[in-house]
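This briefing is meant for a reader who is meeting the structure for the first time. It begins with the overall build and then turns to aromatic rings and to backbone angles.

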Amino acid sequence: MRESELFKKWGTFLKGMDADGIQVSFASHLEYSLSKDKYTATSRDLYQSLALSVRDRLVERWIRTQQMYYDFDVKRIYYLSAEYLMGRALVNNLINLGMYEETQKAMKDVHLDIESLAIEEPDMGLGNGGLGRLAACFLDSMATLELPAYGYGIRYEFGIFDQFIKHLQQVEMPDLWLRYGNPWEFARPERSFTVKYYGRVKERTLPDGRFRAEWIETEDVLAVPYDMPISGYGNNTVNTLRLWSARASNEFDLKFFQSGDYLKAVEEKNLSENISKVLYPNDQFFEGKELRLKQEYFFVSCSLQDIVRRYLVDRKVGFSQFPDKVAIQMNDTHPALAVAELMRILMDDHGLGWKTAWEITQKTCAYTNHTLLSEALEKWSVSLFEKLLPRHLMIIYEINRRFLRDVALRFIGDEQRLARMSLIEETPQKQVRMAHLAAVGSHSVNGVAQLHTRLVKEKALKDFFEMFPERFNNKTNGVTPRRWLLASNKKLSKLITKHIGDGWMTDLEQLQQLEPLASDEDFIRTWTGVKYQNKEKFAKLIFDVTKIQLEPAAIFDFQVKRIHEYKRQVLNILHVIYCWLKMKEDPQFEMQPRVFFFGGKAAPGYFMAKLVIRLICHVAAMINRDSDTNNRLKVIFSPNYNVSLAEQIFPAADISEQISTAGYEASGTSNMKFALNGALTIGTLDGANIEIMEAVGQENIFIFGLTADEVAELAPRYNPRSYYEADPLLKQAVDMIRQGYFSRQDSRLFHPITDILLDHDPYLVLADFQSYHKAHMALDELYRDRKSWVEKSILNVARIGRFSSDRTIHEYNRDIWHAEPLTITKEEKEKGAGEKD
């Protein structure tokens, strides 16, 4: 039956959104989908039943959304990202569908609680940190803004590792997020594609004189898609996140199987499936590098094949309209191979000439740069490329030849510029520069904060900016208020909505209406109560994990993010030691009771980051035992930081630590999430901190340290020992670390940290130390005046509206993608269409 006929018969969606309809679905799935009853159902079964009930309602809207995209022949946005840090889906989907309260009522009637069921869902942790979480926020905003959009990535069997702290150090365990299946996904084996590796290229000239290349004798892997629905808030739009899983093109070799060599028979299957097995292998070894490049090409190739397939549905006019119907956004350099792969598909599979294919590719692709760190701007050895992707190396060489010809014409005689801009780095081991490939093959190159974009233009991609100034633009990051306030901080959301209405949920600038309430004593009192309740809740969670009792009246000070030297967790813990020593040695020193929280994962192969975690844990173990000070100062390392833990942290935070060395952080988004929940920021003028300061006002944020320009000026002549010798207490703190005070079983354990601090620290920790301490003392002084503190907290929330990911996505679409939002109304749905996606 066609959809139009269904609507004539039913007039609306078939699945009810009221409590009774939800209960019926819940009971039905428990019995018929899971074959359980009230006697045999586990908590996980109950969660699965509720998830499937919500999924039913998503699916109705999902199918009709995709049908509409075909009916109206819309331009589609394709977001390519190697990471998606989605978190849990149940509560987010309930809120976006507008059925949270009815579901809460339905579950209460059968003596169940939504939040208790929700914790049965594992985090979908298919990312390392900010890059993956940003991608998840963007998917939410694209659906909320009713943009025709698709996310593409890898369905890693194991996501980012689970982190445990044992013997005061990080221990990694596999993230078995798929152990019990994923109720939100649908396998689509009928949409599988073949991805090629290795082999050789056969070149030939056609009778009409055209060149043709044929990639032959390849080793093939099957890419099987799994689709997840992405719901928009307050509308009927449901977009798609398509994740690819690697399968062997042949499950096993029957010849080996029949001869009894069972391991050899399944060898191809195992090698193929390794591609989507783990999120980012350790690339310190050649095999790890090869597998990582395989991963990147794997998801790029099958995504591009799928995009082209979808474009060609019902279209007989070739590729002339491709850039008008397709926008591809590359989230950092991981998908940069999309430039070469799209060229390969257009030329080798569809017979287009180079000029036409290149014009289409450039008009279609856009690149977001996320880092200024040279080690994060990916490069792959030419020898590895030649072995693994020989056809793509040919294409990259030809792109480079033509590009350098244009550069030479523009900058006559500048041989050094040619070397700097080449896609091939001519080092002893030649390397392909992926950021250069992305920049040359795109019509848009954007940074993710104003400072970051300026530094991209002035440093990281300076030559490319001078060549193509019109391509470069800024798109400051944002976060979705649905997950990071409405879902995670329900008490504060309720208070805000009570006073200004619910328009802020899709127009975050409406939070400005809170400003007059910042001086309202009743509102301040209620706001303070909400924060205290959130802190009580988080203190209980910490007690359950660590058995450490926390006082909610203390200042809760958080630095939670990926562990990296430039993020300067060392500055924070060194300052904790400094304050502790001051408490011990100076009777006049007073500090408000404070808990310093740390959280974040260190990459398994990153020695210094893992050592920093050990230092934090060793210091915490010592300080928390000190009966003289532990009623005023505690240190907590909260293990296994992920989206679900973050949802507990942000509502409870008083202070947000954003203390990276100026000029190193691209943007950051935890700074936005903390401010959105009323925390005050202590930070450097780095990343989006600058724009947050401009938004909330200098008087409502605590800025310290060198600027990016000052860092660049000081770095070549930086002498850390001069700062170390000038402050006796700082010297004592560093010496205690170096002499093994906090690591008595291994007095040399932390020598690598102090060696860097005192001799060759590129992140200028000691240079910023005194400024950092003064900012903390100013924070401490302010906290004594609780009314003034809460006023600033309210003003941070009221003025943070510009940092919604809805605003960011609107700017991407306005300036780069140019897709038309499509409202899924009943009248439009009645046109109907067969499912094609």
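Of the 837 residues of the protein, 61% count as buried, where buried means under 20% relative accessible area, exposed over 50% and partly exposed in between, with a 1.4 Å probe and protein chains only. This is a predicted model, in which local features need pLDDT of at least 70 and side-chain atom pairs count only at pLDDT 80 or more, while totals for chains, interfaces and linings use all residues. Residues are numbered from 1 along each chain as its sequence is written, and side-chain values use heavy atoms, with hydrogens and water left out.

**Overall build**

- Along the principal axes of the protein, the C-alpha trace spans about 90 × 75 × 60 Å.
- Among contacts (heavy atoms within 4.5 Å) between residues at least 6 apart in sequence, 77% join residues at least 24 apart.

**Aromatic rings**

- The structure holds 36 aromatic pairs, counted when rings of Phe, Tyr and Trp (its six-membered ring) have centres within 6.5 Å, with planes under 30 degrees apart called stacked, over 60 edge-to-face and the rest tilted.
- Trp 580 and Phe 742 form a tilted pair, 6.2 Å centre to centre and with 55° between the planes.
- This pair links distant parts of the chain, with Trp 580 in helix H24 (residues 569-585) and Phe 742, 162 residues apart from it, in the loop between helix H31 (728-738) and helix H32 (751-759).
- Both Trp 580 and Phe 742 are buried.
- Ring pairs also link Trp 484, Phe 538, Phe 556, Phe 558, Phe 597, Phe 650 and Phe 674 into a cluster.

**Backbone angles**

- Most residues other than glycine have a negative phi.
- Glu 217, which is not a glycine, has a positive phi of about 55°; Glu 217 lies in the loop between strand E10 (211-216) and strand E11 (219-231) and is exposed, with a relative accessible area of 57%.
- Arg 568, also not a glycine, has a positive phi of about 60°; Arg 568 is placed in the loop between strand E20 (555-560) and H24, and counts as buried at 1% relative accessibility.

Conventions: Helices (H or I, at least four residues) and strands (E, at least two) are DSSP runs, numbered from the N terminus.
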